[in-house]
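Here are my notes on the model you sent.

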Amino acid sequence: MCRAWRRILLVASAWALVFQVGSAAARAHCDTLSGPVIQDARRALEAGDLAPVLKWVAPADEAAIREAFTRVTTVRKQGDQARELADRYFFETVVRIHRAGEGAPFEGLRSAASIPTLVAAADAALASGSSESLARELTGSVSKELNKRFQAALLLKAHAEDSPHAGRAFVAAYVDYVHFVEGLSGIVEGAGHRQEEGVSPHAH
């Protein structure tokens with residue numbers, strides 16, 4: 001992949017992080033019922049094998065997960081209602097411990113509808129083995145957001161000297177526009193620096 005295309009993807013990823021995910025980024029999507037943590041928890045329960053789940057928790061937390069898994073496996077045999085309650089308990093336990101390992105609070109499980117569109121697309125791309133569709137969606141979103149801020153600043157710039165009020169309106173639009181670009185630039189340059197040093201950025 002050429003350097004220019006890598007840069008476009010980094011900008012797109014940066015925009016997705018800063019503007020699409022927004023404050024939800026801190027919560028990520030590990031606490032959603034269709035997120036990767038609970039998908040692996042479901043696999044573990046269906047197979048009777050805890051292996052898929054352990055990668056989501058620190059070694060120090062394995063004992064707690066194993067204990068919960070043992071209890072849940074026993075309860076699940078007592079009927080459909082017991083199985084449903086036991087599964088929910090296991091999902092909540094795994095997600096709570098996973099989030100605690102990230103230094104994040106657990107506020108309950110969320111529905112699949114709460115996952116930001118681009119985050120869901122990122123998971124879908126990984127599942128399909130191709131990032132082409134995700135890259136197109138991200139770059140389109142970046143272009144749209146950048147152009148919206150650029151056009152607003154450009155329009156107000158033409159009247160910035162008409163009055164203090166008009167000037168302040170331009171300054172507000174200018175700050176929004178430049179901060180958008182600065183935010184993307186900082187993330188792109190930081191990611192590029194880490195890649196040159198062979199350091200992988202923390203992804204989750």
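1. **A cut-off to start with.** A residue counts as buried under 20% relative accessible area, as exposed over 50%, and as partly exposed in between. By that scale arginine 43, at 47%, is partly exposed. The labels below follow the same cut-offs.

2. **Confidence.** Keep in mind that this is a predicted model. The protein chain averages a pLDDT of 80, and 77% of the residues score at least 70. Among the elements, helix 4 has the highest mean pLDDT, 95. Helix 1 (residues 3-21) has the lowest, at 50. The pLDDT is below 50 over residues 16-26, a stretch with 16 contacts in the model beyond near neighbours in sequence. Residues 199-204 also fall below 50; that stretch has seven such contacts.

3. **Overall fold.** The protein chain has eight helices and zero strands. Its pattern along the sequence is α-α-α-α-α-α-α-α. Of the 204 residues, 35% are buried. Take the contacts between residues at least 6 apart in sequence: 60% of them join residues at least 24 apart.

4. **Main core.** Which residues have the most contacts inside the largest nonpolar core? They are Leu50, Val53, Ile65, Phe90 and Phe91, in a core of 22 residues. Helix 5 provides the largest share, six residues.

5. **Phenylalanine 90 and the second core.** Leaving out residues up to four places away in sequence, phenylalanine 90 touches Ala41, Leu45, Leu50, Val53, Ile65, Ala68, Phe69 and Val72. There is also a second, separate core of five residues. Among them are Ala121, Ala125, Leu134 and Leu138.

6. **Aspartate 40, two partners.** The structure holds nine salt bridges. In one of them, the side chains of aspartate 40 and arginine 43 meet at 2.8 Å, N to O. The two residues are three apart in helix 2, so about one helical turn separates them. Is aspartate 40 buried or exposed? Aspartate 40 is buried, because its relative accessible area is 8%. Arginine 43 is partly exposed. Aspartate 40 also meets lysine 55 in a salt bridge, again with 2.8 Å from N to O. This pair links distant parts of the chain: aspartate 40 sits in helix 2, while lysine 55 lies 15 residues away in the loop between helix 3 and helix 4. Lysine 55 counts as exposed, because its relative accessibility is 56%.

7. **A pair inside helix 4.** Arginine 71 forms a salt bridge with glutamate 67; their closest N and O atoms are 2.7 Å apart. Both residues lie in helix 4, four residues apart, about one turn of the helix. Arginine 71 is partly exposed at 49% relative accessible area. Glutamate 67 is partly exposed as well, at 41%.

Terms used: Residues are numbered from 1 along each chain as its sequence is written. Side-chain values use heavy atoms; hydrogens and water are left out. A nonpolar core is a set of buried Ala, Val, Leu, Ile, Met, Phe, Trp, Tyr and Cys residues joined through side-chain atoms within 4.5 Å. Buried means under 20% relative accessible area, exposed over 50%, partly exposed in between (1.4 Å probe, protein chains only). Contact means heavy atoms within 4.5 Å. pLDDT is the predictor's confidence in each residue, from 0 to 100. A salt bridge is a side-chain nitrogen of Lys or Arg within 4 Å of a carboxyl oxygen of Asp or Glu.
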